[in-house]
Amino acid sequence: MSVQNQSCTCGKTDEERAYAQISNVIDLYKDKKGSLIQVLHLAQEIYGYLPLELQEFIAEKMDMPLSEVSGVVSFYSFFSTVPRGKHTIRVCLGTACYVRGGKRVVEHLQQKLGVDLGETTKDGLFTLEVARCIGSCGLAPAMMIDEKVYKQVNVNKLDTILSEYKNQEKEAVAQ
């Protein structure tokens, strides 16, 4: 969901523009009961992650305790309090994927990317996570990069898949 900014952000820093957009989102949702998760989702989409300062801002603007906002952020694995990569890799470790080699996929990605689970590569391109199930048991082992599902993944396919994203990034930088 895209949110239109209602006030001029001319001459403001990227962070100030993001806070202004988030303020507009809060104004749209704050009087709707149960809207905190939606506000946090949109705030993370705008800002990239939810650091404590942003959580404090949201709590104040929504007139609720910081503990409530932080409690929701820390409870749901979708929310992040640290910067994330441009692309999120989620390897399924549900039963079917685990049995068919999901753990080997995770280990290979950790070694190849030089990160542990929950971490972001130094170049900011990938964040590595696991999922308990992505609903693709018949395609096991499966993984997702952003919203795209990759089926029957093995260590031989991983290098090709990762190189696609790295090449896209190089092309974007060259333009």
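**Notes on the predicted chain**

1. Gln-152 is found in the loop between β4 and α6 (155-174), where helices (H or I, at least four residues) and strands (E, at least two) are DSSP runs numbered from the N terminus. The phi angle of Gln-152 is near 45°, a positive value in a residue other than glycine. With a relative accessibility of 44%, Gln-152 counts as partly exposed, given that buried means under 20% relative accessible area, exposed over 50%, and partly exposed in between (1.4 Å probe, protein chains only).

2. A word on the basis of these notes: this is a predicted model, in which local features need pLDDT of at least 70 and side-chain atom pairs count only at pLDDT 80 or more, while totals for chains, interfaces and linings use all residues. Residues are numbered from 1 along each chain as its sequence is written, and side-chain values use heavy atoms, with hydrogens and water left out.

3. On the overall fold, the chain has six helices and four strands, and their order along the sequence is α-α-α-α-β-α-β-β-β-α. Taken along the principal axes, the box filled by the C-alpha atoms is roughly 50 × 40 × 25 Å. Contact here means heavy atoms within 4.5 Å, and among contacts between residues at least 6 apart in sequence, 57% join residues at least 24 apart.

4. The chain exposes about 10,400 Å², of which carbon and sulfur atoms supply 50%; accessible areas come from the Shrake-Rupley method with a 1.4 Å probe, and for residues only the protein chains shown count as cover. The chain carries 20 positive and 22 negative charges, whose mean positions are 9 Å apart. In that count Lys and Arg are positive and Asp and Glu negative, with His and the chain ends not counted, and each charge is placed at NZ of Lys, CZ of Arg, CG of Asp or CD of Glu.

5. How many disulfides does a search of the whole structure find? The search finds zero, a disulfide being a pair of cysteine sulfur atoms within 2.5 Å. Cys-97 is in no disulfide, and its nearest cysteine sulfur, that of Cys-92, is 3.4 Å away; Cys-97 is buried, with a relative accessible area of 1%. Cys-137 is likewise in no disulfide, the nearest cysteine sulfur being that of Cys-133 at 4.2 Å, and Cys-137 counts as partly exposed at 41% relative accessibility.

6. On the aromatic residues, a search of the whole structure finds six aromatic pairs. Rings of Phe, Tyr and Trp (its six-membered ring) pair if their centres lie within 6.5 Å, and planes under 30 degrees apart count as stacked, over 60 as edge-to-face and the rest as tilted. One of the pairs is Tyr-19 with Tyr-47, which is edge-to-face at 5.8 Å centre to centre and 90° between the planes. This pair links distant parts of the chain, with Tyr-19 in helix α1 (residues 14-29) and Tyr-47 in helix α2 (residues 36-47), 28 residues apart. Tyr-19 is buried, with a relative accessible area of 15%, and Tyr-19, Tyr-47, Tyr-49 and Phe-57 form one aromatic cluster.

7. Why is the pair of Phe-75 and Tyr-76 edge-to-face? The ring centres of Phe-75 and Tyr-76 are 4.9 Å apart and their planes lie at 85°, so the pair is edge-to-face. Phe-75 counts as exposed at 64% relative accessibility, whereas Tyr-76 is partly exposed at 36%. Tyr-76 is placed in the loop between α4 (66-75) and β1 (87-92); from Tyr-76 to Lys-157 there are 81 residues in sequence and 31 Å in space, C-alpha to C-alpha.

8. Some loop positions deserve a look. Ser-35 lies in the loop between α1 and α2 and counts as buried at 7% relative accessibility; leaving aside residues up to four places away in sequence, Ser-35 touches Tyr-29, Lys-30 and Met-62. The peptide bond from Ala-140 to Pro-141 is cis, with omega near -10°, and Pro-141 sits in the loop between β2 (126-131) and β3 (143-145). Asp-146, in the loop between β3 and β4 (148-150), has a positive phi near 55° in a residue other than glycine and counts as partly exposed at 26% relative accessibility.
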